[in-house]
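The following paragraphs lead through one protein chain, from its overall make-up to single residues. Please keep the sequence and the 3D view at hand while reading.

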Amino acid sequence: HPRHRQASVCKEARVNQVEAESEGNGIPLRFAFIAPALFDVSLLGAGLMTLSAGLPEDIAHAVSSLVALAAMAWLYRSFGLGFNRLGVVAVLSAVSAGVLLQAVSIGTIAIVSKIDTAATVAITLPYLLRLCVIDPVAEELCFRGVSLAALERCGLPFWVATLIQAVLFACFHFNVVQSAYALVCALVLGGLSQRDGISSSIIAHCVCNLTGLVLGLVLTYFA
């Protein structure tokens, strides 16, 4: 009967729509959690291999971070996610956000961690590249890229999706002080990503890490 066929078609279309929404428009919800797990596994696995190969510690860590970045870039692009161009105002906003995020941490308990890190870690080129470029980009592709997109596209309100990815990002740091700070950072970076795109959060994250390194060295010098 035509009416029955029409009802069946409508029902099938609705089922397909629900399935598409639950899959996050091509990004299954499970990848909100698979992406951080893949990040951890690739970073740890590559780190163990490079250290066991006898590479210097700073180079070994840089190489393992590059492996993690490659894994996150592959996952990010495999879901058709891309990058956006930023205007001057958006770039300046991202830079300001990165500096302010790190400045806030200096006024908290995290200042102890920053000073100790700056005082005990040798500042080499591989370390600088890892801290200020490789790690921030990889983390943004993972958390503000794949994880946030998967959470948001499955139908969650943006603030809920942002909060979940922020909690995942905080857990990723395995340190009480750093996790608390990372949670706040992830919320701000998530907002930047929503407003101006992931390019904005990448810039802010890189600037934040660079600012932390510079302030830590300055404070250690005058301590």
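A residue is called buried under 20% relative accessible area, exposed over 50%, and partly exposed in between, with a 1.4 Å probe and protein chains only. By that rule, 41% of the 223 residues of the chain count as buried. The model is predicted: local features need pLDDT of at least 70, side-chain atom pairs count only at pLDDT 80 or more, and totals for chains, interfaces and linings use all residues. Residues are numbered from 1 along each chain as its sequence is written, and side-chain values use heavy atoms, with hydrogens and water left out.

The secondary structure consists of nine helices and zero strands. Here helices (H or I, at least four residues) and strands (E, at least two) are DSSP runs, numbered from the N terminus. Read from the N terminus, the order of elements is α-α-α-α-α-α-α-α-α. Contact means heavy atoms within 4.5 Å. Among contacts between residues at least 6 apart in sequence, 78% join residues at least 24 apart.

One pair of helices shows how such elements meet. Two packed helices are described by the angle between their axes and the distance between the axes. The axes of α6 (residues 125-153) and α9 (residues 198-222) come within 9 Å and cross at roughly 145 degrees. These axes are lines fitted to C-alpha atoms, for helices over the stretch in contact, and angles run from 0 to 180 degrees between N-to-C directions. The crossing of α6 and α9 is right-handed; a crossing has that hand if the near helix is turned clockwise from the far one by less than a right angle, and is left-handed if anticlockwise. Among the residues that make the contact are Leu128, Leu131 and Val137 of α6, together with Ile202, Leu210 and Leu213 of α9. The residues of this contact divide into 13 nonpolar, four polar and three charged. In this count Ala, Val, Leu, Ile, Met, Phe, Trp, Tyr, Cys and Pro are nonpolar, Asp, Glu, Lys and Arg are charged, and the others, Gly among them, are polar.

Leu128 can be looked at by itself. Leu128 is found in helix α6 and is partly exposed, because its relative accessible area is 30%. Leaving aside neighbours within four places in sequence, Leu128 is in contact with Ile123, Val133 and Leu213. The C-alpha atoms of Leu128 and Ala62 are 9.2 Å apart, although 66 residues separate the two along the chain.

Helix α8 (residues 176-196) has 21 residues and spans 30 Å from its first C-alpha to its last, close to the 30 Å expected at 1.5 Å a residue. The expected span is 1.5 Å times one less than the number of residues. Buried residues of α8 include Tyr181, Ala182, Cys185, Ala186, Leu189 and Gly190. Just after α8, Gly197 has a positive phi of about 100 degrees.

Gln165 touches Phe143, Arg144, Leu148, Leu151, Ala186 and Gly190, not counting residues up to four places away in sequence. Gln165 counts as buried because its relative accessible area is 0%. Ala161 also lies in α7, and is buried with a relative accessible area of 0%. With the sequence neighbours up to four places away left out, Ala161 touches Leu148, Leu151 and Glu152.

How many aromatic pairs does the structure hold? There are five. Rings of Phe, Tyr and Trp (its six-membered ring) pair if their centres lie within 6.5 Å; planes under 30 degrees apart count as stacked, over 60 as edge-to-face and the rest as tilted. Phe31 and Phe79 form an edge-to-face pair, 5.0 Å centre to centre with 75 degrees between the planes. Phe31 is in helix α2 (residues 31-52), while Phe79 is in the loop between α3 (57-78) and α4 (88-106), 48 residues apart. Both are buried, Phe31 at 18% relative accessibility and Phe79 at 19%.

Phe39 and Phe172 have ring centres 4.9 Å apart and planes at 70 degrees, so this pair is edge-to-face. Phe39 is in helix α2 and Phe172 in the loop between α7 (158-171) and α8, 133 residues apart. Phe39 is buried at 2% relative accessibility, and Phe172 is buried at 12%. Phe39, Phe143, Phe169 and Phe172 form one aromatic cluster.
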